[in-house]
Amino acid sequence: MPDGGPAGAAMVDQVTQDVQARYPGAAASVGATRWRAGETAGTWLSRADGAMYRHKRRGGPGR
């Protein structure tokens, strides 16, 4: 997770665990990125969305 760093990875892990605890057998793919100075909200969310789809392509839980 090059853009999200350790805090982003921890957040992704927590979200995934929360989904699995509430919905046994469910899976989730989550993308997290750090906001970059001067970046619009749309650009930031687009990068997070891209991170989620990269996770899915790599065989992440929400494939």
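**View 1. The Glu39–Arg47 salt bridge.** A search of the whole structure, a predicted model, finds 1 salt bridge. The side chains of Glu39 and Arg47 form a salt bridge at 2.7 Å, N to O. The pair also counts as a polar contact between the two side chains, at 2.7 Å. Both Glu39 and Arg47 are buried.

**View 2. Arg47 in its helix.** Arg47 sits in helix α2, which covers residues 41–57. Its relative accessibility is 15%. Buried means under 20%, so Arg47 counts as buried.

**View 3. Helix α2 and its buried residues.** Helix α2 has 17 residues. From first C-alpha to last, α2 reaches 24 Å, close to the 24 Å expected at 1.5 Å a residue. Buried residues in α2 are Arg47, Ala48, Ala51 and Met52. These residues lie on the same side of α2, because they cover an arc of only 145° around the axis.

**View 4. Just after helix α2.** Look here for Gly59, which comes just after α2. Gly59 takes a positive phi of about 90°.

**View 5. A nonpolar surface patch.** Trp35, Trp44 and Leu45 make a nonpolar surface patch. The patch has an area of about 340 Å². One of its residues, Trp35, is found in the loop between α1 and α2. Helix α1 covers residues 5–22.

Conventions. Residues are numbered from 1 along each chain as its sequence is written. This is a predicted model: local features need pLDDT of at least 70, side-chain atom pairs count only at pLDDT 80 or more; totals for chains, interfaces and linings use all residues. Side-chain values use heavy atoms; hydrogens and water are left out. Helices (H or I, at least four residues) and strands (E, at least two) are DSSP runs, numbered from the N terminus. Buried means under 20% relative accessible area, exposed over 50%, partly exposed in between (1.4 Å probe, protein chains only). A polar contact is a pair of N or O atoms within 3.5 Å; within protein, one must be able to donate a hydrogen and the other to accept it, and residues adjacent in sequence count only if both atoms are side-chain atoms. A salt bridge is a side-chain nitrogen of Lys or Arg within 4 Å of a carboxyl oxygen of Asp or Glu. Patches are made of residues with over 30% relative accessible area and no salt bridge: like charges are joined within 9 Å, nonpolar side chains (Val, Leu, Ile, Met, Phe, Trp, Tyr) within 5 Å. Accessible areas come from the Shrake-Rupley method with a 1.4 Å probe; for residues, only the protein chains shown count as cover. The expected span of a helix is 1.5 Å times one less than its number of residues. The arc is that of the directions from the helix axis to the C-beta atoms.
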